[in-house]
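Please walk through this protein from its overall layout to the packing of individual helices and residues.

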Amino acid sequence: MALKIKPVSPREVQTRWTPDLVADGWTPVSDFFLRNYHRIGITSNEAMLVVHLMTHKWDAHSPYPGFTSLAKRMGIGATQVRNHARSLEAKGCLHRVIRTGTTNRFVLTPLFMKLEALRAADHAAREQTPPAATESATA
């Protein structure tokens, strides 16, 4: 029986990167998050922590990687990772569930809610802007 080879779409991840680079997996990251994290007070280092947390978020459940693993992947110390997590908590973008004898759970729902509220506010502002103002802004 002949092996059927499915053609690769130009939009698939391995086409955008390379097959070798995605062979070990890839992480979906919202473009809205990448374009707007700074607008909700998240630093680039904190954003990178969020991306690394997303590599451990395989479904709707909260990810639970260890600080040491995150630190190794980010090329920084575990204390720095903890500080970034604390900062995200203080900004209302993360909730850590401290668990004894195992790794913490990182609840990203507060971040998602902030981003969705920002997106809704942006959408509402666009709808409030009169067409003439939009045209003169682009001229």
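A residue is called buried here when its relative accessible area is under 20%, exposed when that value is over 50%, and partly exposed in between. The model is a predicted one. By that cut-off F106 is buried, since its relative accessible area is 0%. Not counting residues up to four places away in sequence, F106 touches L53, S62, P63, Y64, P65, F67, L70, A85, L94, H95 and R96. One of these, R96, is 10 residues away from F106 in sequence, and the two C-alpha atoms are 4.8 Å apart in space.

The overall layout comes next. The protein has eight helices and two strands, and along the sequence they follow the pattern α-α-α-α-α-α-β-β-α-α. Of the 139 residues in the protein, 29% are buried. Among the contacts between residues at least 6 apart in sequence, 49% join residues that are at least 24 apart.

What does the interior consist of? In soluble globular proteins, nonpolar side chains tend to be buried together. Here the largest nonpolar core has 25 residues, and those with the most contacts inside it are F33, I42, L49 and L111. Two or more residues each are given to this core by α3 (31-36), α4 (44-54), α5, α6 and α7 (109-128). The largest share, six residues, comes from α4. As for L111, its contacts beyond four places in sequence are F33, I40, I42, V50 and C93.

Helix α4 deserves a separate look. It is mostly covered, with eight of its 11 residues buried: E46, A47, L49, V50, V51, H52, L53 and M54. These buried residues of α4 pack against α3, α5, α6, β2 and α7.

How does α4 meet α6? The axes of the two helices come within 10 Å and cross at roughly 95°, which makes α4 roughly perpendicular to α6. On the α4 side the contact involves N45, E46, L49 and V50, and on the α6 side V81, H84, A85, S87 and L88. Sorted by class, this contact of α4 with α6 has five nonpolar, three polar and one charged residues.

Helix α6 (residues 78-90) also packs against helix α5 (residues 67-74), at an angle of about 105° and with the axes 8 Å apart. An angle of 65 to 115 degrees counts as roughly perpendicular, and α5 and α6 are therefore roughly perpendicular to each other. The residues that make the contact are F67, L70, A71 and M74 of α5, together with A78, V81, R82 and A85 of α6. By class, the contact of α5 with α6 has seven nonpolar residues, no polar ones and one charged residue. V81 and A85 of α6 are listed in the contact with α5 and also in the contact with α4.

Which residues of α5 are buried? They are F67, L70, A71 and M74. Seen down the axis of α5, these buried residues fall within an arc of 100°, so they line one face of the helix. The face of α5 turned away from the buried side carries the exposed residues T68 and K72. Among the elements that cover the buried residues of α5 are α4, α6, β1 (95-97) and β2 (105-107). F67 and L70, both buried in α5, are also among the residues that F106 touches. After α5 comes G75, whose phi is positive, near 75°.

R39 is found in the loop between α3 and α4. With 40% relative accessibility, R39 counts as partly exposed. Leaving aside neighbours within four places in sequence, R39 is in contact with L118 and D122. R39 and L115 are 76 residues apart in sequence, while their C-alpha atoms are 9.4 Å apart in space.

Key: Residues numbered from 1 in each chain as written. Predicted model: local features only at pLDDT ≥ 70, side-chain atom pairs only at ≥ 80, totals over all residues. Heavy atoms only, no water. Axes fitted to C-alpha atoms, helices over the stretch in contact; angles between N-to-C directions. Helix = DSSP H or I, 4+ residues; strand = E, 2+ residues; numbered from the N terminus. Parallel < 35°, antiparallel > 145°, perpendicular 65-115°, else oblique. Contact = heavy atoms within 4.5 Å. Nonpolar A, V, L, I, M, F, W, Y, C, P; charged D, E, K, R; others polar. Core = buried A, V, L, I, M, F, W, Y, C linked by side-chain atoms within 4.5 Å. Buried < 20%, exposed > 50% of the residue type's maximum accessible area, 1.4 Å probe, protein only. Arc of directions from axis to C-beta.
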